[in-house]
Amino acid sequence: MAEARIKSREEDYAQWYQDVIAQADLAEVAGVVKGCMVIKPHGYAIWEEMQKDLDRRFKETGHKNTMFPLLIPMSFLEKEAEHVEGFAPELAVVTHAGGKELEEAYCIRPTSETIIGHFFSKWIDSHRDLPLLINQWANVMRWELRTRIFLRTGEFLWQEGHTAHSTHQEAKEEVQRMLEVYRDFARDVMAMPVVCGIKSANERFAGALETLTIEGIMQDGKALQCGTSHDLGQNFGKAFDVTFQNEEGVRDFVWQTSWGVSTRLVGALIMTHSDDDGLVLPPKLAPIHVVIVPIYRKDEERDAVLEAANRIAGDLRADGLRVEVDSRTGMKPGAKYYEWERKGVPMRLEIGPRDLEAKAVMAKMRLAESDERGRPVKENLAWENLGVEVGKRLDAFQQLLYDRALAMREAGTQVVDTWEEFTAAFEGTKSAFVYAHWDGTTETELAIKDATKATLRCVPLPGEGPAVEEGKCVKTGNPSAQRVLFAKNY
RNA sequence: AGCGGAUUGGCGCAGUUUGGUAGCGCGCCUGGUUUGGGACCAGGAGGUCGCAGGUUCGAAUCCUGUAUCCGCUACCA
């Protein structure tokens, strides 16, 4: 009876991912604009929850929001050699406007370091202007060759923080601080454990001295870069002449940082928690915490049930919960159950005549155990103190998701010392988080990628990954200071 | 960008080999009966077959070009 709306993860992981997005009604490929997506209300609502939480964290760390132009003069990109080399191949360029060819072409921003650098040079004169701490919520465009919805699209939403400091030390502290904001957000809000580390020279941001990253592991063992924080040094300061006079009256270039996360996080959320029944959302990001499904036969029952459902919804909302009453007619309760489960709603309350009698509701969590007859376990909750009890269960659900994700990461993590073990971990389409010694050269990094498709995700920061010890490179046998993280990636 | 596959009502597909003017399932609309894990009956609406050329008396079907999507590769948040 149950037609397979969602391909199982085991059968076809990539198809499963697309099916979950379609069935949860999160987004769709635009089609009429190559590589671009339409984010639908349920998907956008998740992004809005992410924005709300992150925006608060950015403001708590002293940043203010801004808006810079979508279009950037082409000459701006060319001012920083590595930057233009890195981004030129994926630029969309505007050559005509107002019915005539432009004197100078604009590109649609792939990121805003250059145009922000230009304005920083206008705004900064004195050490008293520093630090300058801003953020922008924006769309950017990178003309990628292959689209994967939420993970890699031509246009995407993100935030980009840009800061300027008087010393390199202060800039480095900012880079670290914002990485920690991302890590905390991933862990505490997305229920997603991440590995914090430093990108190799080969993987770092075009124009940065150093790029810090948070790397998440997906259910298929592949890594997803979930956020980055860059130490730009004085590269953009020099390119855009961003200088200030220090306390001694000496003019110097500012030290800059930039950091960002994107709507890719929605993809990370899906591939961390969801299952073959569809989307699974952590309560802290779920647009709907609780859906109430009324059950009735006769009209009199219907009125009484709906009245109770609406009253309960009102009470729960007053407790700060996001609640929806599914009062659609002509749809059996079972059909509603499946729909809300596909959409990832963490908790469902069923209320019918029997419950009115008992002054209670039946509660079912999105990840319920099944009984011996294969039916999901439900729990009877009294009306009295319902908000408190629901809140407890949502908190427990948030924790459960984190625990599951952490267990998944542990099961998918290996410490490897031989090339045989290394290649075995990445055989065929397999992937895992593999910690192995590396000799520190780009040459070896590329040779490993060539042989196994595994990429160097990061050099773990202190406290991340296995205990630091010296060893020999898994590929070349040359000396290595510590193990680094390899995985195939999205 | 390279190689391969695809594009036919909202969705999933058949029809293409062998050219004759489009069909099925789901969904949708109306009415009725239903409603504690994906309801049923009856009636109904909806398609210039991705787009542009060409061949032909006639093209969803053959040819050329092109766009978009999917898979692998490559590039990247």
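What follows is a short chat about cysteines and cavities in a predicted model.

Visitor: How many disulfides are there?
Guide: A search of the whole structure finds zero disulfides, a disulfide being a pair of cysteine sulfur atoms within 2.5 Å. Residues are numbered from 1 along each chain as its sequence is written.

Visitor: Is cysteine 36 buried or exposed?
Guide: Cysteine 36 counts as buried, at 5% relative accessibility. Buried means under 20% relative accessible area, and exposed over 50%, with partly exposed in between (1.4 Å probe, protein chains only).

Visitor: And which cavities turn up? How many are 30 Å³ or more?
Guide: The whole structure has two cavities of 30 Å³ or more. On a 1 Å grid over the protein atoms alone, a cavity is a set of points where a 1.4 Å probe fits but cannot get out, and lining residues have an atom within 4 Å of a point. A volume is the space filled by probe spheres set on the points, which are joined across faces, edges and corners.

Visitor: What is the volume of the largest cavity, and what lines it?
Guide: The largest cavity has a volume of about 60 Å³. Its lining includes Val291, Trp340 and Arg366.

Visitor: And the second largest cavity, what volume?
Guide: The second largest cavity has a volume of about 40 Å³, and Tyr435 and Pro460 are among its lining residues.

Definitions and conventions:
Chains are lettered from A and ligands numbered from 1 in the order in which they are written. This is a predicted model: local features need pLDDT of at least 70, side-chain atom pairs count only at pLDDT 80 or more; totals for chains, interfaces and linings use all residues. Side-chain values use heavy atoms; hydrogens and water are left out. On a 1 Å grid over the protein atoms alone, a cavity is a set of points where a 1.4 Å probe fits but cannot get out, and a pocket is an open set with protein on both sides within 12 Å along at least five of seven lines; lining residues have an atom within 4 Å of a point.
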